[in-house]
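Look at the structure first, then read on.

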Amino acid sequence: MEAGDKRQVRATITDVAARSGTSIKTVSRVFNDEPFVRPETRRRVLEAAAALDYHPNMAARSLVRGRSFLIGLFYENPSPNYVVDLQTGALDRLHDERYRLLLFPCENARAVSGRLLQLARTSGLEGIVLAPPLGDDPQTVRDLVEARLPFVRIAPTTALDASPTVGIDDGAAAREMTDHLLSLGHRRIAFVQGDPDHPSNSQRLDGFRGAMQAAGATVDERLIEQGRYTFESGLAAGRRIFADRQRPTAVFAANDDMAAGVVVAAKEAGLDVPGHVSVAGFDDSLISRVTWPQLTTIHQPTYDMAHAATDALLALIEKRPLTPALRLQHQLLVRGSTTRTAPL
């Protein structure tokens, strides 16, 4: 090392053993969570490791144990806000765990169907978390079951007994949002659908239709617009909606990204939100809080779902008890983008 080079030499297991007054074997037993290590000895080893900023080599540990300690998160969703919450929830659950997370973004479920098991095996994964809509692909589910590879699915709608699941009631959440708009006096309500390949899309649309029917309100099929869960698709749908001379007094978009696009389309059309038209979203993602006005939305606990799914996967891998079907609660969040209907 050249003079003046202040880079520190990485601490080794030998350094930890010397500082803690133990043997290399004892340090190894502590970091491998082996039993029969006295609490006082374990404390000295961990304190020495912290003082030296020592971190065990995960690759070496994996080779010794014949395990990878790798789990995979497979997801397909065009909303960056949803994806960030998904990843953060899984990563936070693995904090201070021996397991590491590999991310597998997929273009669409059809593209990975029949190949996901191969990807898992070549990556050395010990288990998988499947985000929607991948968890509803029958080929993928069948392959994982036959291979006996542990997997947990977020918000699936089919083969619910094939694996542990975590989700919310999308239909009930959409009904609650629609009821909110109806309670404000809105009857001519537009709905912007999400990606048709996502099961949540049909559930949210069904919830909207069910609430409208229960209230005796007519659903104008011309106001059911197709989106893709992206801001751009919401903007395009909003432009089509507001081009109609018989515009709605409220728009319910199946996620926040599309709802934000609808808000921009309303501004382009010279409409005030919520003075001329109320706009509601779904997810409670970051964009719902930075859009002005802030979006009335459904809080979908995406972070919590990913955290719980990862926790369930670890329990499955380690053969610990777990809840096979966990349903988390949604919440209606009323903000500035919705108000009582104004005269047309």
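Start with helix H14 (residues 302-317). In this predicted model, H14 lies across S1, S3, S4, strand S5 (165-167) and S11. H14 runs at about 160° to S4.

**The sheet under the helices**

What is the strand order in this open sheet? The order is S2-S1-S3-S4-S5-S11. The sheet has six strands, with parallel pairing. Strand S2 (100-105) and strand S11 (325-327) are the edge strands. Each of these two pairs on one side only. On average, neighbouring strands of this sheet are turned by 15° against each other, direction ignored.

Helix H5 (residues 80-93) also packs on this sheet. H5 touches strand S1 (70-75), S2 and S4. The direction of H5 makes about 165° with that of S1.

**Where two helices meet**

Two packed helices are described by the angle between their axes and the distance between the axes. The axes of H5 and H14 come within 7 Å. They cross at roughly 40°. H5 and H14 are therefore oblique to each other. Their crossing is right-handed.

Which residues meet here? On the H5 side they include Tyr82, Leu86 and Arg93. On the H14 side they include Tyr303, His307 and Leu314. The residues of the contact of H5 with H14 divide into six nonpolar, five polar and four charged.

**Strand pairs**

Strands of a sheet pair through backbone hydrogen bonds, either parallel or antiparallel.

| Strands | Sense | Bridges | Facing residues |
|---|---|---|---|
| S3 (residues 127-130) and S4 (residues 151-154) | parallel | three | isoleucine 128 and phenylalanine 151 |
| S6 (residues 189-193) and S8 (residues 250-253) | parallel | four | alanine 190 and valine 251 |
| S8 (residues 250-253) and S9 (residues 278-280) | parallel | three | alanine 250 and serine 278 |

**A strand covered on both faces**

Strand S8 pairs with S6, and S8 is also joined to S9. In a regular strand the side chains alternate between the two faces of the sheet. Are the residues on the two faces of S8 buried or exposed? Ala250 and Phe252 are buried on one side. Val251 and Ala253 are buried on the other.

How values were computed:
Residues are numbered from 1 along each chain as its sequence is written. This is a predicted model: local features need pLDDT of at least 70, side-chain atom pairs count only at pLDDT 80 or more; totals for chains, interfaces and linings use all residues. Side-chain values use heavy atoms; hydrogens and water are left out. Axes are lines fitted to C-alpha atoms, for helices over the stretch in contact, and angles run from 0 to 180 degrees between N-to-C directions. Angles under 35 degrees count as roughly parallel, over 145 as roughly antiparallel, 65 to 115 as roughly perpendicular and the rest as oblique. A crossing is left-handed if the near helix is turned anticlockwise from the far one by less than a right angle, and right-handed if clockwise. Contact means heavy atoms within 4.5 Å. Ala, Val, Leu, Ile, Met, Phe, Trp, Tyr, Cys and Pro count as nonpolar, Asp, Glu, Lys and Arg as charged, and the others, Gly among them, as polar. Two strands pair if DSSP finds at least two bridges between them. Buried means under 20% relative accessible area, exposed over 50%, partly exposed in between (1.4 Å probe, protein chains only).
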